[in-house]
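Colleague: Please put the model up, and then let us go through its salt bridges and nonpolar cores.

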Amino acid sequence: MSLQYLKDAVAAGDREKLIRYVRLHFGDGNEEVGRKEIDKAWSEALKPLLDVPPTDREFILETIRTRDAATLAHLYFHLHFYFVQRSGEWIHDGSL
Amino acid sequence: MTEASSGSGSGRGQLRPGLWDTVNERYPGSMIDKMDFVPLAPVRKPLSECRLVFVSTSGVQPKGTMPFDTVHPVGDYSFRRVPSSARPEDLEIHQIKYPTMGANRDINVIFPIERLRELADEGVIGGLTENFYTFIGYNMDPERLERTLAAEIATAVSEEGADIALAAPA
């Protein structure tokens, strides 16, 4: 999808086109695979929290408070791949 | 360049009929419709006198440089200089869109730096530029790619005195 296609979708409030793009990105061009990858990342993110270990909330809150939305969005994409990689089920041909 | 290799519209001829339609179905609006005809530059002297630059979308880069941004949803528009004298063990690959297993065993399968040095040593080509140029092919904004990345590489290549370029997609 071209950048203009995505910007037009934003302008039109067409969230389905945007999430479809995200699924294609995460699924290497396969939307259904991308949907499963998103689920995989979220379930993997849940696992370390089940025992309620101490986490660095100061870091989290400070990061959210002081960083711009683009940096946080970029981090969000990084975190997706981080948790997918952590799952041990790596579907991509190459490596990060 | 023939029409078959330059056209991107389904009615203008193409090497693999239906390819653009297939890609557009999966990535609507992604295909570049390049209407400008860009003539190939003729080689003006024997290959054995030409200095070659290698330009690659392989995502190969010197260890210690900022990894290519393989996670960004719109792509990475930066490039890396790879010294043509670099040893394979000094290089690494950051790219998730093609299989890198073989290239991680022998980087020459995707980035033939040692083979090109051999061609230079044997006199098949006149020599190599000091640096080769790499980037990743996942870029969703072709206009930005042309305006920044391609222009910057073209300038750098020109400054290095390249006579010929080997451009290889990963």
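**Salt bridges and cores**

Modeller: R20(A) is partly exposed, at a relative accessible area of 22%, where buried means under 20%, exposed over 50% and partly exposed in between (1.4 Å probe, protein chains only). This is a predicted model: local features need pLDDT of at least 70 and side-chain atom pairs pLDDT 80 or more, while totals for chains, interfaces and linings use all residues. Residues are numbered from 1 along each chain as its sequence is written, chains are lettered from A and ligands numbered from 1 in the order written, and side-chain values use heavy atoms, without hydrogens or water.

Colleague: Which side chain meets that of R20(A) in a salt bridge?

Modeller: A salt bridge here is a side-chain nitrogen of Lys or Arg within 4 Å of a carboxyl oxygen of Asp or Glu. For R20(A) the N to O distance is 3.0 Å, and the partner is E31(A).

Colleague: Why does this pair tie together separate parts of chain A?

Modeller: Helices (H or I, at least four residues) and strands (E, at least two) are DSSP runs, numbered from the N terminus. R20(A) lies in α2 (residues 15-26) and E31(A) in α3 (residues 31-46), so the parts tied together are 11 residues apart in sequence.

Colleague: Which residues are linked with R20(A) in a network of salt bridges?

Modeller: The pair with E31(A) is one salt bridge of R20(A). The network links R20(A) with E31(A), E16(A) and R23(A).

Colleague: How many residues apart are K45(B) and D163(B)?

Modeller: These two form a salt bridge with closest N and O atoms 3.4 Å apart. K45(B) is partly exposed at 35%, and D163(B) is partly exposed at 37%. K45(B) sits in the loop between α2 (19-26) and β1 (51-56), D163(B) in the loop between α5 (142-159) and β7 (164-168); the separation is 118 residues.

Colleague: How many residues has the largest nonpolar core?

Modeller: A nonpolar core is a set of buried Ala, Val, Leu, Ile, Met, Phe, Trp, Tyr and Cys residues joined through side-chain atoms within 4.5 Å. Among those with the most contacts inside the largest one are L91(B), I107(B) and F132(B). In chain B, β1, β4 (91-93) and α4 (113-121) each supply at least two of its residues. The count is 19.

Colleague: How many residues are in the second, separate core?

Modeller: Its members include Y133(B), I136(B), I153(B) and V157(B). The total is 11.
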